[in-house]
Amino acid sequence: MYFSTWTKDELDLALSLWENPKVAKYIHKNGIFTKEEVELRLNNEISNLEKVGVQYFPIFFSKSHEFMGVCGFRPTKKSGELEFGIHLLPKFWHKGLATEAAQAIIAYAFTSLKINSIIAGHNPQNNASKKLLAKLGFKFVRNEYYPPTGLNHPTYVLSEYHSCD
């Protein structure tokens with residue numbers, strides 16, 4: 001797999017991911033994003049890259065160049081900290097690809113970006129995300145209200161990089 005960066009010409013890819021009800025049910029309180037919300041999300045990802053050098057990077061299969069989803073970061077208010085997230089299209093769930101993408105992006109954050117810590121949360125009904133964060137070495141710190149879903153999400157922190165092999 002390889003990571004890329006978003007361009008405004010890739011709205012179709014963004015729509016294929018964030019308009020997918022199986023993906024949106026874990027990250028949006030209405031269980032679906034509108035086209036306008038996806039466009040805003042895409043513009044925010046592009047802006048985050050321009051302003052702070054990170055985004056939820058699009059990921060693709062190396063040989064077929066098929067779009068798989070996104071994996072990356074958004075800035076937090078705390079210096080030296082990023083918020084991790086990954087959203088994959090359902091056909092790529094439960095194949096180990098989330099672990100592979102997450103390990104690569106986390107290594108990048110600690111080694112190249114020299115960040116101090118990474119936070120992450122997940123929808124309380126998303127057990128796959130809970131297992132992924134534990135496998136990656138994230139430690140539970142608190143439940144935190146997450147406005148996009150209207151739920152309290154378990155929130156975790158990772159303060160050092162280690163491979164989960």
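User: Why does lysine 114 count as exposed?

Analyst: Happy to start there. The relative accessibility of lysine 114 is 61%, and exposed means over 50% relative accessible area, buried under 20% and partly exposed in between, with a 1.4 Å probe and protein chains only; therefore lysine 114 is called exposed. Lysine 114 sits in the loop between α4 (97–111) and β5 (117–121). Please keep in mind that this is a predicted model, where local features need pLDDT of at least 70, side-chain atom pairs count only at pLDDT 80 or more, and totals for chains, interfaces and linings use all residues. Residues are numbered from 1 along each chain as its sequence is written, and side-chain values use heavy atoms, with hydrogens and water left out.

User: What makes the phi of lysine 114 worth a remark?

Analyst: Its phi is positive, about 55°, although lysine 114 is not a glycine. Most residues other than glycine have a negative phi. Histidine 65 is another non-glycine residue with a positive phi, near 60°.

User: Where is histidine 65, and what makes it partly exposed?

Analyst: Histidine 65 belongs to the loop between β2 and β3. Its relative accessible area is 48%, which falls between the two cut-offs, so the label is partly exposed. Serine 64 lies in that loop between β2 and β3 and is partly exposed with 47%. Serine 62, also in the loop between β2 and β3, counts as partly exposed at 38%.

User: Which residues does serine 62 touch, leaving aside its neighbours within four places in sequence?

Analyst: Serine 62 is in contact with Met1 and Tyr2, where contact means heavy atoms within 4.5 Å. For a distance in space, take serine 62 and asparagine 48: they are 14 residues apart in sequence and 25 Å apart, C-alpha to C-alpha. Serine 64 and tyrosine 108 are 44 residues apart in sequence and 24 Å apart in space, again C-alpha to C-alpha.

User: Why is histidine 28 called buried?

Analyst: Histidine 28 has a relative accessible area of 9%, and that is under the 20% limit, so it is buried. This residue lies in the loop between α2 (21–24) and α3 (35–52). Apart from its neighbours within four places in sequence, histidine 28 contacts Phe33, Glu37, Pro148 and Thr149.

User: How do you know that α1 is largely enclosed by the rest of the structure?

Analyst: Because 6 of the 8 residues of α1 are buried, it is described as largely enclosed. Those buried residues are Leu11, Leu13, Ala14, Leu15, Leu17 and Trp18. Their cover includes α2, α3, β2, β3 and β4. The labels come from DSSP runs, numbered from the N terminus: helices are H or I with at least four residues, and strands are E with at least two.

User: What is the span of α3, and what is expected?

Analyst: From its first C-alpha to its last, the 18 residues of α3 reach 25 Å, close to the 26 Å expected; the expectation is 1.5 Å times one less than the number of residues. Its buried residues are Val38, Arg41, Leu42, Glu45, Ile46, Ser47 and Asn48. Their cover includes α1 (11–18), β2 (56–60), β3 (67–75) and β4 (81–88).

User: What makes lysine 135 partly exposed?

Analyst: Its relative accessible area of 47% lies between the cut-offs, so lysine 135 is partly exposed. Lysine 135 is in helix α5 (residues 127–135).

User: How do you know that the radius of gyration agrees with a compact globule?

Analyst: For 165 residues a compact globule would have a radius near 15 Å, and the protein chain has 15 Å, so the two agree. The radius is taken over C-alpha atoms, and the rule is 2.2 Å times the number of residues to the power 0.38. Along its principal axes the C-alpha trace spans about 35 × 35 × 35 Å, and 45% of the residues count as buried.

User: Thanks! How many helices and strands does the protein chain have?

Analyst: The protein chain has 5 helices and 7 strands, following the pattern β-α-α-α-β-β-β-α-β-α-β-β along the sequence.
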